Amino acid sequence: MASPRSRVGLFVTCLADMFRPEVAFASVKLLEMAGFDVEVPERQTCCGQPAFNSGARHDSAAIARQTIEAFDGFEYVVGPSGSCIGMLHHYPELFAEGDPWHQRALDLKSRAFEITSFLAQHLDMDKLSSSFKGKVTYHDSCSGLRELGVKRQPRELLSKIPGVQICEMEESETCCGFGGTFCVKYPDISNRMVGNKSENIRATGADTLLAGDLGCLLNMAGKLKREGIDIQARHVVEILADMASTPAIGEAEKRS
Amino acid sequence: MQIKSPEFKQNARIALQDANLQRALGNLKAGFPQKRAAAVARLPEFDQLRDEARDLKNHILEHLDLYLEEFEKNVVANGGTVHWCRTAEDARKKILEICKDQDAKTVTKGKSMVTEEIDLNDYLEKNGVTPVETDLGEYILQLRKDHPSHIIAPAIHLNIEDVADAFHEHHKRPKSNDPAHLMREAREMLRKHFVAADVGITGANFLVAETGSTIICTNEGNGDLTQTLPKTHIVVSSIEKLVPTLEDMTLFLRLLARSATGQEFTVYNTLSSGPRRPGDQDGPENFHVVLVDNGRSDMVGSEFQEMLRCIRCSACMNHCPVYGAVGGHSYGWVYPGPMGSVLTPQMVGIENAGLLPNASTFCGKCEEVCPVRIPLPKLMRHWRDKEYEKHLSPTSVRSGLALWSFFATRPKLYRLFASVGNRFLRFKAGKKGRTSKLPLASAWTDHRDMPAPSGKTFMQQWKEQNR
C-alpha cells in the first residue's frame, strides 16, 4: 500500500487530453482512492512516440528531455496507456550511456507505470465500487501487453466489480491495426486488421469493449461505429472509477 | 530477382482483394501458430533454451572469423572445398564454374532460400544448366515460374486447385485435386531427375565448425536424395549459420522445429561431412561449400548484428498480422515478414525497401515468438532512423512530424493547438459524437469513423477546476 502522501505525477497522454478527458479524470480518482496525491505537471505534452517510431530521433530526444524534466521529483509517474508509458521506458535508448540524460531517463523509467498495473499493485481492490453492469470483452493492447506485461491486472481489477461479466474474444492479443502512424500510412492493411478485430469483438456477444489504450480504442470504436455494430467502447478506468455514465467513445451525446 | 519492394503498398492492396490468396493465407493463420503454441507448452524449458540460443549466437557472432576458419579447416580435412563469396554474383559464378567442371546438364536442388537470394536458378538456366527443384513446394513454384512467398512453406500462397492446374498443364496427366495423388505424381516425376542429375545443390540450416559438417532439416527426404545421388554435392550457405559443436547444433534443432512447424523435431535431419570415403555405401565424390556473405559481414558490429542470430524458422511471419493480411509476395523480394523487413533493406538498399520496415505496427508479436530473441521491432525502427537520416522518408511525413514536434516541445502553444483541434473535431461531429469525413484524414475515415472529443481538453477542464 502507498505510504501516506506519496506524490504521483499523472501522465495524461495526448489522446486522453484531446479526445477523452474522462480517462484522465478517472485515473485521478482511482489514484486518489489508492491514497496518492495526484498532480498534473503543466510541461507535459506527448510522449514523443510518433517521432521515435518515424526515425526522428532528434525530435524524440527533445520531447523526452521535456517529459523527464516535467516529472522530476515525483515518486511515481502513472499514465492510462501502455503505449505511452512504454515509450517513457524507451527514453534511455535515446541518449548515449554517460550522457547525464541517460541516467535521468533510466530514473524516470524506474518510476513510470501503466495505470492498471500500478493500481493492481497499490490499490486495496476491495475499495473499488462501480455501478456498471454489462458483458465486457477486453482487448490487450500490444505495447502494454508485450513491453510492460499488462494482462492479468485489468482483469483482476474488473473481477472486483460485481456487475462485470468478462467474455474473452478470440485473438485478444492480436494487434487491432492502429499502430500510430501505421493506420494512415498503410490504411488498407490497417483496415483489414481492425476489421478482423471488430469481427472477433462482435462474436463475443459483449455489449462493451474495454482496453487500456485510447489509440486502439479510437480505432476499434471507429470501426464498430462504421459497421453499425452496437457495442460501446470505453477505457477500462472509466468502469473501474464508476464513470461510465457518460456517452461511450464515438457515441452521440444522448443515447436514445 | 526483380525487386518489387518499392511497390509494397500496391502489392498489398492487390493481395487484400485476392480472394484465393486470402483463402490460402487463412490456412496459415490456423496452422503454424497453434501448432507452435502446443509444442512450446509441451516443453517447459523452451524459454530457457531461447536464452541459451541467443547467448550462444551472440558468442558465435563475436568470434565469427575464428569459427569460419575452423569450419573451413575441417571441411578440407574431410576432403571437401570451401568457396568464399563476397557477393551474390561471386556465388553464382562459383556455382556455375563447379557445374561446368562436371559437365553438368541438370542439377537437382533441395530447398534453399540463399539460392533464391542469389537468384541462382535463372543464372544456371541462362548458362545451359537446368535446375530442378525437388522440394514439393519449390517444385510447384518452378512449374508455375513463381517464387516462394514464405521461407519454409514456399507455396503457402497457393490453394490445391492451383497445384492441380500446374501439374495438369506440365505433366499432361488427368487432373486431380487430391493432395495424396498430387504428391505421388510429383514423386514419380522427380525420381528420374534425382537419378539423372550431375550435381545436387542444397542449402544448410547449420554449419558445424568442429566437424566441418553441414546439416539440412527437411520433412520430405528430397534433400537426402539431392545430396547423396549425384556425383557432386554443393552446399550453398550464408556465413552466419555456423555453430561451434554438434551439441550446440542440437540446441538449435530443438528450437527450430518447434518454432517453425510445431514439430518436436524435423523429420529428416541430415548431416553432410565431406565426400564419400573408401568403404562408404553412398555419398557424392565431390563436396563443395559455397559460403555467401552478400552484406552480412557489414552487419557484424552494426546496429543490425542481432539479425544475424536468425535461424530462418519463420515464426515471425507466421505470427505477423501484416504478413497474415498481405502474404509474402507483397514484400517484393526474397525474405518476407518481419525478418525480411530487417534483412531486405540491408541487401537491396533502404532506398528500395524503406516501405518494409515501416509496414509494422510494432505490435511486438514477432519478437515474442522469436526463438533467438531478435528484437525485430527495434531493428525495423533502426531502419526508419536511417531512412529519416538520409531524407528518404516522404516530405509530407517529414514536414508533418517537424510541425508536430515544434508544438510538442512548446507546452503552452501545444495547449492552444490542442484546444483548437479539439473544438474543430467537436464542431465537425455535431451531436453525433463522431464524424465519417475529415479533411486530410481520409486514410482514417475511408474505413472507420473518427470519434469526436467528449468535451474540452483535459488540461482545459483541469485548469477550470482550479486543481
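**Helix crossing and sheet**

Analyst: Keep in mind that this is a predicted model. Helices α11(A) and α12(A) are roughly perpendicular to each other, because angles of 65 to 115 degrees count as such and their axes cross at roughly 75°.

User: Which residues does each helix span, and within what distance do the axes come?
Analyst: In chain A, α11 covers residues 187-203 and α12 covers residues 214-226. Their axes come within 9 Å.

User: Which residues meet there?
Analyst: From α11(A): N191(A), V194(A), G195(A), K197(A), S198(A) and I201(A). From α12(A): N219(A), M220(A), K223(A) and L224(A).

User: How do the residues of that contact divide?
Analyst: Four are nonpolar, four polar and two charged.

User: OK, the sheet. What's the strand order?
Analyst: The order is β6-β5-β7-β8 in chain A. This is an open sheet of four strands, with parallel pairing.

User: Which strands sit at the edges?
Analyst: β6 (164-166) and β8 (232-235) of chain A, each pairing on one side only.

User: What's the average twist?
Analyst: From one strand to the next, 35° on average.

User: Zoom in on β5 and β7 of chain A. How many bridges?
Analyst: Three, in the parallel sense. β5 is residues 134-138 and β7 is residues 208-211 of chain A.

User: What stands opposite V136(A)?
Analyst: T208(A), in β7(A).

User: Back to α12(A). Which strands does it lie across?
Analyst: α12(A) lies across β7 and β8 of chain A. It runs at about 160° to β7(A).

Terms used. Residues numbered from 1 in each chain as written. Chains lettered and ligands numbered in written order. Predicted model: local features only at pLDDT ≥ 70, side-chain atom pairs only at ≥ 80, totals over all residues. Heavy atoms only, no water. Axes fitted to C-alpha atoms, helices over the stretch in contact; angles between N-to-C directions. Helix = DSSP H or I, 4+ residues; strand = E, 2+ residues; numbered from the N terminus. Parallel < 35°, antiparallel > 145°, perpendicular 65-115°, else oblique. Contact = heavy atoms within 4.5 Å. Nonpolar A, V, L, I, M, F, W, Y, C, P; charged D, E, K, R; others polar. Pairing = 2+ DSSP bridges.
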